[in-house]
Amino acid sequence: PGVRSPARGLSYTFMAAEALWILAGDDTVAGIAPYNPRIAAFSDDGMTFFGAYGPRVAAQLDYVVDRLTTDPATRQAVLTTWRPCPPVTKDVPCTVALAFMIRAQRLNCHAFMRSSDAWLGLPYDCFNFAMIAAKVACAYNRRAARSRVQLGALHLTAASAHLYASNFEAAAACVVSGAPPDDYRSLQGLVVDGDWDRVEAALVACRDKRAEAEQAWRIRP
């Protein structure tokens, strides 16, 4: 689906809110449901999400940055979001792992998913992975004495990439192609400066629908 098509109807408020929720290490329904009430249906107990990425991402980010800082050529800067031997639950994690690699002074992120819904989930997942990578790159650039890195590519591998029949007509109506978002350069500048605070502030402004969101940095997938 063309994520830049107005017909796509993405919720940029929810997109920013979910990225902040994950990066805060949150797994509570209360932390995200105000931005998407339907998401509460995937909680087993109405309070938390079994498959929430936040706690695992937050627990492993320092390790990822440490590995990259110690050895920019490392192949060990990996965090996992899968829950081993998941029980019967409404919320089995879709993403298994994220691997971060610096090549040619660019931080690339490799996402491995067991399942990816091209309509309901993919645009939001890609944005979340990109924001996790942006935070890693900012942290690396604040620490590293070497040349700073830019954000590189996001490579996504999905064992199952699917589109439900109920979404097919809407997806077919807005398939488009286009260049990367116009604001990509402004994000790169913040990343190279290691300025995660400004990236986070822009996400908060977008989540809260504040007027300065468009002025600070337009959040787009």
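What percentage of contacts in the protein chain between residues at least 6 apart in sequence join residues at least 24 apart? The value is 65%, where contact means heavy atoms within 4.5 Å. The structure is a predicted model, in which local features need pLDDT of at least 70, side-chain atom pairs count only at pLDDT 80 or more, and totals for chains, interfaces and linings use all residues. Residues are numbered from 1 along each chain as its sequence is written, and side-chain values use heavy atoms, with hydrogens and water left out.

**Figure 1. Overall arrangement of the protein chain.** The protein chain contains 8 helices and 6 strands; helices (H or I, at least four residues) and strands (E, at least two) are DSSP runs, numbered from the N terminus. Along the sequence, these elements follow the pattern α-α-α-β-β-β-β-α-β-β-α-α-α-α. Of the 221 residues in the protein chain, 45% are buried. Buried means under 20% relative accessible area, exposed over 50%, and partly exposed in between (1.4 Å probe, protein chains only).

Figure 2. Helix 4 comprises 22 residues, which at 1.5 Å a residue should span 32 Å; the end C-alpha atoms of helix 4 are 32 Å apart, in agreement. The expected span of a helix is 1.5 Å times one less than its number of residues. Because 16 of the 22 residues of helix 4 are buried, this helix is largely enclosed by the rest of the structure.

**Figure 3. Crossing of helix 3 and helix 4.** Two packed helices are described by the angle between their axes and the distance between the axes. The axes of helix 3 (residues 54-70) and helix 4 (residues 122-143) come within 10 Å and cross at roughly 45°. Helix 3 is therefore oblique to helix 4. Axes are lines fitted to C-alpha atoms, for helices over the stretch in contact, and angles run from 0 to 180 degrees between N-to-C directions. Angles under 35 degrees count as roughly parallel, over 145 as roughly antiparallel, 65 to 115 as roughly perpendicular, and the rest as oblique. On the helix 3 side, the contact involves Val 57, Leu 61, Asp 62, Val 64, Val 65, Asp 66, Leu 68 and Thr 69; these meet Ile 132, Lys 135, Val 136, Ala 139, Tyr 140 and Arg 143 in helix 4. By class, this contact of helix 3 with helix 4 has 9 nonpolar, 1 polar and 4 charged residues. Ala, Val, Leu, Ile, Met, Phe, Trp, Tyr, Cys and Pro count as nonpolar, Asp, Glu, Lys and Arg as charged, and the others, Gly among them, as polar.

**Figure 4. Packing of helix 4 against helix 7.** The axes of helix 4 and helix 7 are 9 Å apart, and the two helices pack at an angle of about 155°. Helix 4 is therefore roughly antiparallel to helix 7. Phe 127, Met 131, Ala 134, Lys 135, Cys 138 and Arg 142 in helix 4 meet Trp 196, Val 199 and Leu 203 in helix 7. The residues of this contact divide into 7 nonpolar, no polar and 2 charged.

**Figure 5. Helix 7 and Val 204.** The 12 residues of helix 7 (residues 196-207) should span 16 Å at 1.5 Å a residue, and the end C-alpha atoms of helix 7 are 16 Å apart, which agrees. Trp 196, Val 199, Ala 202, Leu 203, Ala 205 and Cys 206 are buried in this helix. Val 204, also found in helix 7, is partly exposed, with a relative accessible area of 21%. Val 204 touches Leu 20 and Arg 210, not counting residues up to four places away in sequence. Between Val 204 and Ala 17, 187 residues apart in sequence, the C-alpha to C-alpha distance is 7.4 Å. Helix 7 is followed by Lys 209, whose phi is positive, near 60°.

**Figure 6. Thr 48 in the loop between helix 2 and helix 3.** Thr 48 is located in the loop between helix 2 (29-32) and helix 3, and counts as partly exposed at 30% relative accessibility. Leaving aside neighbours within four places in sequence, Thr 48 is in contact with Asp 27, Thr 28, Val 29 and Ser 43. A C-alpha separation of 8.2 Å is found between Thr 48 and Ala 30, which are 18 residues apart along the chain.

Figure 7. Val 88 is found in the loop between strand 1 (78-80) and strand 2 (95-103), and is exposed, with a relative accessible area of 87%. Cys 85 lies in the loop between strand 1 and strand 2 and counts as exposed at 74% relative accessibility. Although not a glycine, Cys 85 has a positive phi of about 50°. Gln 105, in the loop between strand 2 and strand 3 (106-113), has a positive phi near 60° and counts as partly exposed at 38% relative accessibility.
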